[in-house]
Amino acid sequence: MRAKPRLRVAIGLAIAIMLVAVPAAQALYVKGHQVPAGGLKYKMTGGLNGKWKITAFHVKHERAHLLKINGRERFNGCVDVARDGSCSGDPAGKLYFRFRYWVQLSDDGENQLLGTCAHRVVGGTDGLAGTTGFLMMVDTPTRSGLKTHYEGEIEPPGFAHSGTAQPPRC
């Protein structure tokens, strides 16, 4: 009976060592802001530079002042691998995303109090064909309107991770 717990511990340790020894996916950690540009269009700054557009959406769930929305989006620009604020020499093209968005509205339903969404890459074109990854976005109301911050990992094809850009710890 004593061998089983020891065997379980040994197997658990072996799995933990294998997980640490296996290199992580070669993704680039990106962060920045999404700025409204009118309608369902936005400007992306930071790790993604370019234009963002919501191409389709539908309300999946509505309860009191909480909405859940699913949809599709398109990004047209570059992944700023060089982290120099330009697209020069960086992989560029279009990225397609699917998203899930949760938003809390004020009691009168007129103002957004909080919003968060998850965006999964589902396709790409040109220099971003074959890209994988995801983004998380958080909307925060300010006196001048919503401020949207994003963070995530994007892996353009052929990207060689330098290991220098790591996400902050929570």
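## The largest pocket

In this predicted model, the largest pocket has a volume of about 320 Å³. A pocket here is an open set of points on a 1 Å grid over the protein atoms alone, with protein on both sides within 12 Å along at least five of seven lines, and lining residues have an atom within 4 Å of a point. The volume is the space filled by probe spheres set on the points, which are joined across faces, edges and corners.

Of the 18 lining residues, Gln34, Tyr42, Ile54, Tyr101 and Asp139 lie nearest the centre. By class, the lining has twelve nonpolar, four polar and two charged residues; Asp, Glu, Lys and Arg count as charged, Ala, Val, Leu, Ile, Met, Phe, Trp, Tyr, Cys and Pro as nonpolar, and the others, Gly among them, as polar.

## The nonpolar core

Now to the core. The largest one has 23 residues, and Leu48, Trp52 and Leu135 have the most contacts inside it. β5 (92–105) is among the elements giving two or more residues, and β5 gives the most, with five. Such a core joins buried Ala, Val, Leu, Ile, Met, Phe, Trp, Tyr and Cys residues through side-chain atoms within 4.5 Å, where buried means under 20% relative accessible area with a 1.4 Å probe, protein chains only.

## Overall fold

Buried residues make up 29% of the 170 residues.

## Notes on the model

Residues are numbered from 1 along each chain as its sequence is written. Local features need pLDDT of at least 70, side-chain atom pairs count only at pLDDT 80 or more, and totals for chains, interfaces and linings use all residues, while side-chain values use heavy atoms, with hydrogens and water left out.

How values were computed. Buried means under 20% relative accessible area, exposed over 50%, partly exposed in between (1.4 Å probe, protein chains only). Helices (H or I, at least four residues) and strands (E, at least two) are DSSP runs, numbered from the N terminus. On a 1 Å grid over the protein atoms alone, a cavity is a set of points where a 1.4 Å probe fits but cannot get out, and a pocket is an open set with protein on both sides within 12 Å along at least five of seven lines; lining residues have an atom within 4 Å of a point.
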